[in-house]
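Trainee: Could we go through this model together, one point at a time?

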Amino acid sequence: MKLNLFILFILSLSGYSQTHTKSLSEKQSENMVQKHIEPFNNRDLDEFGNAFDNGVLVSRFPNDTMYFGRDKLKENYAHFFQKNKKSNVKVLNRMVLNNIVIDEELSTVNHATNRHVTIYKTEKEGIKSMTFINNAKTTSNPEAIVNKQLEAYNKRDIDAFVNTYSNNIKLYKFPDQLISEGQDAIKKQYGSMFAKTSDLNAEIVNRMVLGNKIIDKEKVMANGNVFYAVAIYEVKNEKIYRVTFIQ
């Protein structure tokens, strides 16, 4: 059975889309990202730079542009290698969705270690964009509220689901395209979907936890169809206040 237009519309708002045009397979995207790791660890600047597209965009999540272009990237990393005698990166966890690769990485610079997440967008010409998500301290347990949200979603309990979000919750399509704002919009959009989709179910197939951010790769079933998406949940004061969907 195909999804009706209404369900497709709501799934699109939520970040789950049945259609995606991609020029690379997931394996090709993963291999492309992997290509730059060994040269970085070996400090081979030319081979490292060649893994990137000429017009690569480097930014901090969600949309803080750091610089453009392969030449600028090589210039910055040449300075980094000169300044730091030892540097190494190790991939702890990896998600791949279409042409997007998300790596949880442990970086060691001199004698200091840091855990962060990098989102890579790939195209045939190389890594098209690289977005860093830095770690941050948190005194709460962001996983608890995200798990509560998933439980309410699968029960199709709209009141419990909405209650996991802040009053001014904002939903984005990566990196910063606003697609929904406020609890009322969430309740209207998801309430209709819950009522019309009896087999609606989501499960986590991979998760990264970074400070107040939970990054989930999710498998979603609706009307006999299966979709995959990545959601970046940001939590503050025990509520989800921002979600960024990658599809």
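Predicted model: local features only at pLDDT ≥ 70, side-chain atom pairs only at ≥ 80, totals over all residues.

Mentor: Residues are numbered from 1 along each chain as its sequence is written, and side-chain values use heavy atoms, with hydrogens and water left out.

Trainee: In what order do the six strands of the open sheet lie?

Mentor: Strands (E, at least two residues) and helices (H or I, at least four) are DSSP runs, numbered from the N terminus. Two strands pair if DSSP finds at least two bridges between them. The pairing in this sheet is mixed, and the order is S8-S7-S12-S11-S10-S9.

Trainee: Which are the edge strands?

Mentor: An edge strand here pairs on one side only. The two are strand S8 (177–181) and strand S9 (201–210).

Trainee: What angle does the direction of helix H6 make with that of S9?

Mentor: Helix H6 (residues 142–155) packs on the sheet and touches S7, S9, S10, S11 and S12; contact means heavy atoms within 4.5 Å. Axes are lines fitted to C-alpha atoms, for helices over the stretch in contact, and angles run from 0 to 180 degrees between N-to-C directions. For H6 and S9 the angle is about 170 degrees.

Trainee: Which residue is the bridge partner of Ile204 in S10?

Mentor: S9 and strand S10 (residues 213–222) pair in the antiparallel sense over nine bridges. The partner of Ile204 is Glu218.

Trainee: Is His116 buried or exposed?

Mentor: His116 lies in strand S5 (residues 112–123). Buried means under 20% relative accessible area, exposed over 50%, and partly exposed in between (1.4 Å probe, protein chains only). His116 has 9% relative accessibility, so His116 counts as buried.

Trainee: Why is strand S4 described as largely enclosed by the rest of the structure?

Mentor: Strand S4 covers residues 100–109. S4 pairs in the antiparallel sense with strand S3 (residues 87–97) over ten bridges, and with S5 in the antiparallel sense over ten bridges. S4 is called largely enclosed because of its count of buried residues, seven of the ten.

Trainee: Which residue in the turn between S4 and S5 has a positive phi?

Mentor: S4 and S5 form a hairpin with two residues between them. The phi is about 55 degrees, and the residue is Asn110.
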